[in-house]
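Student: Could we go through this model together, taking each structural term and setting it against its definition?

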Amino acid sequence: MSVKKNKIFGIEINHGKFSEFIDEFVIVSKSKQSTYSLFMNSHMLHEYHTKENFQTVVKNADYICPDGTPLLYSLNLMRGVKSERIAGNDIIFSLIDEAYKNNLKVFFYGSTKNVLDLISSKIKNEYPNLAFKVFSPPFGKFDNSDLEMHSKMINDFGTNILFVGLGCPKQETRMKMFKGKVNALMLGVGGAFLLFAGVDTRAPSWMRRMSLEWLYRLALEPTRLFNRYLITNTYFCWLFVKELFKRK
C-alpha cells in the first residue's frame, strides 16, 4: 500500500495525492484482490460513531478515503497532514478512464434501471470496447442466497472494478459482505452513479475550490439534505472540539 494512513476521530484515514490513489486502485484492480474502499465524509463519520454495527464495516475497509472537506481540514490542523480530496464523484470518472486504457472490466452495482440505462449509453458512446456490466439489485431483504448469487454474477463477468451505488451505509455494509467472495476492487461511490449518468450536475469548480459544494447540493435537494446536514455537520463540530481538547 503506497498511500499513507493517519488516525483521527478514532479512524485510520488514508491520505495523499489523488493520482496516488488512482495508481494504487489500478494495481489492485488488475490483481483482482478482494478489496473495498470507503469515501469518508461527515455523514459517514456520524454513522460510524452512532451505529455500533457500522464500526466493523469501516474498520474492515482496505481504504478509507478523505472525501469531506472538514475531514481534510482536521487532518491538516491536528495531524499536520496535507491530502487532496479523494471523492467518489471524481474517482468514478478517473477509474473508468483507466479501465478503458488498461482493458479492465467494470461492473456497476446499484441505483435504478433508468440510471443504469443512461450509464450504459454513455459508456457505449464515449468508451467503445470497454467491457462493462450493470445490475440493479432488488430493494429490500438481502440474504445468503442473494449474496452467493450476486457474488457469482460479478466474478463470472471477470470484474476488475466494482462500483457500488446503494447509498451510505447500505453500500458499505454490502461491500463488507462481499469481501472475500467478490474478487475485485469495490468502491462505494453512492450518488456518483447519478453524476456519471448525467442526471445530477457538479457544483462549479470555484465552489468546489472554496469547499462550498455542500451548499450547491443543498440548493438542489433542500428537503432531503437539510436535516442530514444539520445533524451530521453539528455532530462533526462536536467531534472536532472533542478531538481538539483531547490533544491539548
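Tutor: Helices here are DSSP runs of H or I with at least four residues, strands are runs of E with at least two, and both are numbered from the N terminus. The model is a predicted one, in which local features need pLDDT of at least 70 and side-chain atom pairs count only at pLDDT 80 or more, while totals for chains, interfaces and linings use all residues. Residues are numbered from 1 along each chain as its sequence is written, and side-chain values use heavy atoms, with hydrogens and water left out.

Student: What makes K113 and D117 a salt bridge?

Tutor: The term requires a side-chain nitrogen of Lys or Arg within 4 Å of a carboxyl oxygen of Asp or Glu. The closest N and O atoms of K113 and D117 are 2.9 Å apart, so the pair qualifies.

Student: Why is K113 called exposed, and what does D117 count as?

Tutor: Buried means under 20% relative accessible area, exposed means over 50%, and partly exposed lies in between, with a 1.4 Å probe and protein chains only. K113 has 57% relative accessibility and therefore counts as exposed, whereas D117, with a relative accessible area of 35%, is partly exposed.

Student: Which parts does the salt bridge between D67 and R85 tie together?

Tutor: The closest N and O atoms of D67 and R85 are 3.0 Å apart, and the pair forms a salt bridge. D67 lies in the loop between β4 and α4 and R85 in the loop between α4 and α5 (88-102), so the pair ties together parts that are 18 residues apart in sequence. D67 is buried, at 11%, while R85, at 28%, is partly exposed. A search of the whole structure finds 9 salt bridges.

Student: How do you know on which side of α4 the buried residues lie?

Tutor: The buried residues of helix α4 (residues 69-79) are L71, L72, S74, L75 and M78. They cover an arc of only 160 degrees around the axis, which puts them on the same side of α4; the arc is that of the directions from the helix axis to the C-beta atoms.

Student: Why are β4 and β6 said to stand at the edges?

Tutor: The open sheet has 6 strands in the order β4-β3-β8-β7-β5-β6, with parallel pairing. β4 (63-66) and β6 (132-135) each have a single partner strand, so one side of each is left without a neighbour in the sheet.

Student: What does the largest nonpolar core consist of, and which members touch the most others?

Tutor: A nonpolar core is a set of buried Ala, Val, Leu, Ile, Met, Phe, Trp, Tyr and Cys residues joined through side-chain atoms within 4.5 Å. The largest has 36 residues, of which M40, L162 and F178 touch the most other members. Helix α12 (residues 222-247) gives the most to this core, with 4 residues. A second, separate core of 35 residues includes F21, V106, F163 and L185.

Terms used
Two strands pair if DSSP finds at least two bridges between them.
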